[in-house]
Amino acid sequence: MSKTAAPAARIAELRRRIDDANHRYHVLDDPSIPDVEYDRLMRELEALEAAHPELVDFDSPTQRVGNAPSAKFAEVTHAVPMLSLANAFTDEEVNEFVTRIGKETGDDSPVFSVEPKLDGLAISLRYENGVFVRGATRGDGTTGEDVTANLRTVKVIPLRLRGKALPEVLEVRGEVYMPRAEFEHYNIWALEHGEKTLANPRNGAAGSLRQLDPRVTAKRPLRFYAYALGEVTGAKLPATHSQTLAWLRELGLPVCPQVEVAKGVEGVLDYYARIGAQRDTLPYDIDGVVYKLDRYDQQRAMGFVSRAPRWALAHKFPAQEEMTTVESIEVNVGRTGAVTPWVLMTPVHVGGVTVTRATLHNADQIARLDVRVGDAVIVRRAGDVIPEVVRVIEERRPLDKRGKPLHPPYQLPTTCPVCGSAVEREEGEVVARCTGGLFCPAQRIQALFHFASRRAMDIEGMGERFITALVEFDYVHTVADLYKLTVGDLLEMKRRADERDGTTPETVKAGKVASKWAENLIAAIDASRNTTLERLLFALGIRDVGESTAKTLARHFGALDPLIAASEEELVAVPDVGPIVAARIAHFFAEQHNRDVIAALRANGVHWQEGAPRRASEGPLAGMTVVLTGGLASMSRDEAGAKLEALGAKVSGSVSKKTGIVVAGEAAGSKLAKAQELGLDIWDEDKLLAFLAEHGA
Ligand code: 5U1
C-alpha cells in the first residue's frame, strides 16, 4: 500500500507492521526490521495520528505511554481469584505431593508442566476481543491495583493479541520481572543521569509497576512471562496446561523458554536440579521452580485448599534472604577512592553460605533504607554477588526509654577513615570518594592489587597481605616501584611484618622458605615486564576502563603514545567509548604524575609490542559480535577470543539477537541452546580453526 492511500488505511497498516516488529523483537527475540526502519514507521504513524486525531486508537503502538500521572491506583476485583502456591523445600515434600496426586488421580506417573519461578511481581492482564483493556497486580488475590497505564509501557506485553479466532475475554496471569543484565545497565544509566538506582531486580520490577507516572515506568527495562489463565470466555481451552502455554505463545504472549514437561517424581526433581545448576547464568532471578499437573481433568480432580491449588507446587531453592542484626556500619575505600558503606552483621546462613558482611552500595541506599546500628535487617544473597541489605524491619528497631531510636541515622564519614583526606561527592554523582588519591594507602593497596591481578599484569603470588605490607612499610608508592624491588627488600619487609605481628620464629627452615618465596615473587614480577598494551591499559586502573575498553583502545591506537596524545574528540570516535569515558581517559593521561608512572614503568623494563592502529571497521569480522561457549580442544577460549578480535570481531560473553556468530565447543550449554533458539550462526571448533587458518590468525 502506498503512502498516499487514505490515512485510515495507512494508519492501520503502520500499526500492523509496528505490532509485528514489536512481537518479533520483544517476544520472539528475532527482529524483522532494523531499528531505523522501526523508528521511521513509528514517526510516520505519530505524524499521521497528529494530523488525524479522530483516528487515534487506544491500542495504537503510539499510545503505550500516556502522560497523566494518577493520584493513586484504582482497585480491581479479579474475575477469577489469583492463586498462591504451596511451597516445598525438600525432595520428601515433593515426593509426598506426587504420591498424593498418584493416589487421587490413579495415575502413578503423572505429567507436569515445569517452570522456573520468577522473582518478580505477579500480575493479571485482561484482553477483550483481543485488545488489552486492563492490567492489575495480585493484591490480596481477590482485589488488586489497576496498573494498566504502567503495563502498557512494557513492550513485551501486546496491546492487541495476534491471530484470528480471539476469545471474547482472556485473562492471562504471569510475572513482570527485570532481567538481571538490564537491571545492571539501568543502574549504570541511572548513575550517569543522576537518577535513583534500583536495589535489586525484584524491587526494580515491583517498584517500577507501582509508579504513579507511567513515563517513569516506561524507562524501566521490564519484561513479562505468562504462566496461567484467569477468566476466559469465547474460546475452547486445550486439554493441558502445556498446550495452553503454546496457545498463549501463538496469541503473541511471551512464555518462559525454560518451560518443559516432566514425568513423575524423577522427572520433576531432575528439572529442579538442572534449573538449579543454571540458576546463576539464567538472564532472570528465580527462587525455585513450579510443578503443575499438566492435564486439566486431573487438575479438576485435585481441586483446591483455600487459595492454593492441590495440583501445583513451588519447589523453592534454599533461601537467599534471611534476617539478622546490624552490629556496625563500616566503609571501604576502593581503588578509585569510592567510599562504599557496608554492614557487619550477626552471622547468618543465607542460600547455603554463612555471611557476616553485606554491602549498602552508597549513601543514597543508606538514606533509602535508613539502616542503623542494632537494626534487624533482611539480607539477600543472589548467585555469587556480594550479599546486600534489602530492607530494615523498622518495628524491631531498638528504642531508648523514651521510645526514641537508640541510634541516630547513619551518616557517611566526611573524612577518609584510612588517610584523613576529605570525602567528597561530586554534583550528580551517587558515589562519595576519598580525595587522597594515591596518597591514600587504601587506594594505593587497591591500585596495586588491581595492577597485579590475573587479567591485568598477572603477577602470581601478590596477595592482599603482601601488598598491604608493601604499602604500610613504604616500599612502593606507585605501581612502577614494584619493578625496583629486590629479594633483599622482600625479605627485610617480611621480617618487619612478622616482627610487628609477632608471627614466624627465626628458624633456618623458615629462612629458606622465605627466601624461596621472595625469589619466586621477584621472578613473577620480572616475568610480568613482558606484557601487552591492552593488559597495561587495563592495569593502570583508569576509571571506567575495563578489560574490554582497554582492548578496544589498544587495537584502535596500536601504540601507547598516540593514545596518550589523543584528544577527547579522538577518543569519542573509538567504538564503545562515550563522552564520560573519553573525558576520564584524557584526564588520566593529562596528569603529570600518571605520565611519570608510565615513564617509570618503561624505564624499569616494562615493555609491550606496538603495531599499526587497527580500527574496528577493519578485518573480516569487523562489526561482528562473537560469543565463545563450551571448551575448545586446540586452545583456550581467551586465546580464541584474542585471535577473533585480531580479525575485527567484538567478543562478548552473552548471546543475544545482536550476536553474529556463536562458537560452540565441548559441553556448550545454555548459550548454545539460546543461539539455536534465535537461529544464530553456530560454528564448531573445526569451522573456527578453518576460518582462523584462512585469515592467517
Ligand atoms: N512459573 C510460575 N510461577 N507461578 C506463580 N507459575 C506460576 N503459577 C502460579 C503462581 C502463583 O499460580 C498458578 C498455579 C495459577
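In what follows, Lys and Arg count as positive and Asp and Glu as negative, while His and the chain ends are not counted; the place of a charge is taken as NZ of Lys, CZ of Arg, CG of Asp or CD of Glu. On that basis, the mean positions of the 85 positive and 98 negative charges of the chain lie 2 Å apart. This is a predicted model, in which local features need pLDDT of at least 70 and side-chain atom pairs count only at pLDDT 80 or more, whereas totals for chains, interfaces and linings use all residues. Residues are numbered from 1 along each chain as its sequence is written, and side-chain values use heavy atoms, with hydrogens and water left out.

**Overall build**

- The chain contains 24 helices and 26 strands, where helices (H or I, at least four residues) and strands (E, at least two) are DSSP runs numbered from the N terminus.
- With a radius of gyration of 29 Å, close to the 26 Å given by the globule rule for 697 residues, the chain is as compact as a globular protein of that length; the radius is taken over C-alpha atoms, and the rule is 2.2 Å times the number of residues to the power 0.38.
- Buried residues account for 45% of the 697 residues, buried meaning under 20% relative accessible area, exposed over 50%, and partly exposed in between (1.4 Å probe, protein chains only).
- Of the contacts in the chain with a separation of 6 or more, 67% join residues 24 or more positions apart, a contact being heavy atoms within 4.5 Å.

**Helix α23**

- In helix α23 (residues 670–678), the buried residues are Leu672, Ala675 and Leu678.
- These residues cover an arc of only 130° around the axis, which puts them on the same side of α23; the arc is that of the directions from the helix axis to the C-beta atoms.
- The cover over the buried residues of α23 includes β23 (625–629), β25 (661–664) and β26 (681–683), while the face turned away from the buried side carries the exposed residues Gln676 and Glu677.
- Gly679, which follows α23, has a positive phi near 70°.

**Individual residues**

- Pro214 lies in helix α7 (residues 214–218) and is buried, with a relative accessible area of 3%.
- Asp370, in the loop between α11 (363–369) and β17 (376–380), has a positive phi near 50° although it is a residue other than glycine, and it is partly exposed at 22% relative accessibility.
- Asp458, in the loop between α12 (441–452) and α13 (464–472), is not a glycine but has a positive phi of about 55°, and its relative accessible area of 38% makes it partly exposed.
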